Amino acid sequence: MSEELIETPLIPDQRRELLLRHLQRERVLSVHQLTDLLEVSHMTVRRDIATLEREGRVVPVPGGVRIAGATRHLQAEASRHDKAMVEPAGKAAMAARAAAEVLTDRMTVYLDAGTTLAQLVPHLVQLSGMTVVTNDFAVVDELLASEADLEVIHVGGAVDRQNRSSVGVLATAILERIALDVAFISSSSWDLRRGVTTPYPDKVAVKQAAMASATESVLVTGSSKYGRFGMYRVCELPQLSLVVTDSGLDPADAQAVREAGVNLVQA
């Protein structure tokens with residue numbers, strides 16, 4: 001996200017991501033410095049710090065805040081609406097790289113719920129003979145609006161209103177009955193030690209069922225999510241056929257991931 005955008009009012013998640021970017025450069029900043037950088041009140045900065053602290057992403061210090069260490073406990077995720085406002089260009093670049101690495105005509109693919117994987121839709125509609133399976137209502141809307149010649153299957157299940165998707169045993173049951181060529185998996189938390197994780201147990205079985213039904217499983221997720229971890233584990237990174245992230249991943253982390261046998265590419 002460009003710093004020039006701070007002249008335009010940001011939604012809370014955008015502002016917090018910008019705050020984190022400043023901290024990634026400086027490591028420690030005072031509340032006064034952050035009010036100047038973000039052009040918001042002390043109260044707003046302190047609320048943002050409290051939110052990021054609950055997510056395990058920052059640690060308050062007297063008069064300011066510092067970036068958290070490599071392990072950051074993710075206890076909740078932002079809403080789909082807020083996620084959609086964060087780094088859309090980076091998400092589009094990752095989706096384009098994932099499409100170039102994996103997609104060909106006449107495939108059956110699964111798109112896990114999320115704003116990053118939704119960026120695969122423009123690539124899917126350009127191919128022929130495709131079947132797209134998803135638990136994401138927004139992805140279904142986009143595919144139907146495109147009028148592309150492809151088959152769309154929504155897996156159904158219990159509705160996650162905040163994420164505009166479906167989860168739970170009914171969604172899992174459908175995925176267990178479909179043979180997939182590729183399962184594209186999303187995640188807000190991943191690292192080499194804990195693998196792909198989530199703070200929500202209802203998401204685990206859906207992701208695992210898609211992976212089990214697929215010939216290839218591809219994780220597409222941003223580097224800013226590396227080092228976070230949720231309570232519930234989906235899989236280890238070496239279980240994935242491919243991991244696509246952005247160029248912001250620390251070179252040492254990227255090397256460690258590759259040395260563990262993970263096929264990692266960066267957009």
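## Ala183 and its surroundings

Ala183 touches Tyr110, Ala210, Met211, Ala214, Glu216, Ser217 and Val218, leaving aside residues up to four places away in sequence, where contact means heavy atoms within 4.5 Å. Ala183 lies in strand E10, and because its relative accessibility is 0%, Ala183 counts as buried (under 20% relative accessible area, with exposed over 50% and partly exposed in between, for a 1.4 Å probe and protein chains only). Between Ala183 and Ala209 the C-alpha to C-alpha distance is 9.6 Å, although the two are 26 residues apart in sequence.

This is a predicted model, in which local features need pLDDT of at least 70 and side-chain atom pairs count only at pLDDT 80 or more, while totals for chains, interfaces and linings use all residues. Residues are numbered from 1 along each chain as its sequence is written, and side-chain values use heavy atoms, with hydrogens and water left out.

## Nonpolar cores

A nonpolar core is a set of buried Ala, Val, Leu, Ile, Met, Phe, Trp, Tyr and Cys residues joined through side-chain atoms within 4.5 Å. The largest such core has 30 residues, of which Tyr110, Leu175, Leu180, Leu219, Leu237 and Leu240 touch the most other members. Two or more residues each come from helix H8 (169-175), strand E10 (180-185), helix H9 (201-213), strand E13 (214-220), strand E15 (232-235) and helix H10 (251-259); helices (H or I, at least four residues) and strands (E, at least two) are DSSP runs, numbered from the N terminus. H9 gives the most to this core, with five residues.

Leu180 touches Thr108, Val109, Tyr110, Val133, Ala210, Ser213, Ala214 and Thr215, again not counting residues up to four places away in sequence. A second, separate core has 26 residues, among them Ala95, Val121, Val132 and Leu143.

Strand E12 (residues 195-198) is joined to the antiparallel E15 by three bridges, and Thr197 has Arg233 in E15 as its bridge partner.

## Helix H1

Helix H1 (residues 12-26) comprises 15 residues and reaches 21 Å from its first C-alpha to its last, close to the 21 Å expected at 1.5 Å a residue, where the expected span is 1.5 Å times one less than the number of residues. Buried residues in H1 include Asp13, Arg16, Leu19 and Leu23, and just after H1, Arg27 takes a positive phi of about 75 degrees.

How values were computed: Two strands pair if DSSP finds at least two bridges between them.
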